[in-house]
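Okay, let's get the model up on the screen.

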Amino acid sequence: MEIIHRGAAEIVPEEELKQKLYRSIKNGQPLRIKLGLDPTAPDIHLGHTVVLNKLRQFQDIGHEVHLIIGDFTGRIGDPSGKSETRKQLTEEEVNANAATYKEQIFKVLDPKKTIIHFNSQWLMKMNFVDVLNLAGRYTVARMLERDDFAKRYKEGLPIGIHELMYPLMQGYDSVELRADVELGGTDQKFNLLVGRNLQKEYGFEPQIALMMPILEGTDGVQKMSKSLGNYIGVNDEAYDMFGKVMSIPDSLIVRYFELLTRVPMEEIKTLQSAMEKGEINPRDVKIRLAKHIIAAYHNEEEAAKAEERFKLVFSQRDIPEDIPFVQITEREVWLPKFLQENGMVDSSSEGKRMIQQGAIKVNAVKQVDENLVLEENMVIQVGKRKFIKVRILV
RNA sequence: GGAGGGAUACCCAAGCGGCCAAAGGGGGCAGACUGUAAAUCUGUUGGCGACGCCUUCGAAGGUUCGAAUCCUUCUCCCUCCA
């Protein structure tokens, strides 16, 4: 129970979960833990892993994870809301995304205890009678309890009938699955509870809703998301990951430890109080955090290497060893263009700006001239973290 | 169905015939300080081998030597009335 509690934002109702766990232990029957996935975003980042980690913990104590890929909604397209019409996905796209998902998700989950479903399996088969039957089990008033519906209704903004159906579809997945527990972010609370109610309506044992907090991104304010550019992807390079973790604000350190690592809570608490008392530099705690995270998605060795390189580049302001080479044939170059061609800046105008602002270094010396004669093994640096090394082709 | 108001760069928001590649703020990027933290200060924020040229102010036309600014049509959004 303590394991399950860690990091959880809310468990509804907690008492029932205890009973289910107890019963499971007694009769050796694993619980069915559900998580729904959107088939449109195949790039998993640490924000997603908050929930995945919790699933993993369930697996570790013997339970069974059921992932539902929401290919049905993805395939019919969601015409709702202001956000421009979501594009319909073809079957191939859905499958391709699902494959990517698996590859990334199994960095956290145990494949042996994971079962993947597609909700089109049952939703596609329903006819209008079935749909009405489902819809008849819920009322508009209850649907309007949901925050964003309530708000829109009050403000006289449009709510599509089909939008009212989405929670029902998701909830129906739980019915089909006979889910014991459904996980989701706190933003999913309403949907998870609809699932619970529908199960009751259909005469099954209702699921427990377990909400995990929404993780803040590296900026420390907004939720982690790819479009905001404040994410750390599970497929990120080890060194990159290290840098991103190091750039999070101090206020997030403990949270990240709790939600993203397997470090025991007592240890985290010790670190926290040590930081508060000033006995330990938050930076060093962050280094530990970064190593834990990288070890989870790469390995210990990579983590150590990343740390070493990080210290070299940032603490000692030195040039790292393993810089990518660019092969060139012309020795005399106009730097703004050269930087652009090698992906160091977006445009030559930006390149010029960078030079003016003193952001460009050649062999660790600030470069002020736009023209440059390249030499073998010359190291060109943009900003703090972008390096390339010159190799001349004859 | 009728009457008004609006659409400006990544976001918010000024501009209302030339001085507008477009004020200000936010965000981003870079520099200083640092611990690639926070806070602070500074610079920068369409493209182009560039004291000039090209594309941008919802879309398409038009007036004018000259338009983000005026006119016409269209699209979308908001407010009020029915």
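So, is Tyr 172 buried or exposed? Tyr 172 is buried, because its relative accessibility is 12%, and buried means under 20% relative accessible area, exposed over 50%, partly exposed in between, with a 1.4 Å probe and protein chains only.

Quick housekeeping: this is a predicted model, with local features needing pLDDT of at least 70, side-chain atom pairs pLDDT 80 or more, and totals for chains, interfaces and linings using all residues. Residues are numbered from 1 along each chain as its sequence is written, chains are lettered from A and ligands numbered from 1 in the order written, and side-chain values use heavy atoms, leaving out hydrogens and water.

Now the rings. Searching the whole structure gives three aromatic pairs (ring centres within 6.5 Å; planes under 30 degrees apart are stacked, over 60 edge-to-face, the rest tilted). Tyr 172 and Tyr 202 have centres 5.8 Å apart and planes at 65°, so they're edge-to-face. Tyr 202 is partly exposed, at 23%. Phe 242 and Phe 310 make a tilted pair, 5.1 Å centre to centre with 45° between planes, and both are buried. Ring pairs join Phe 242, Phe 310 and Phe 314 into a cluster.

Key
Rings of Phe, Tyr and Trp (its six-membered ring) pair if their centres lie within 6.5 Å; planes under 30 degrees apart count as stacked, over 60 as edge-to-face and the rest as tilted.
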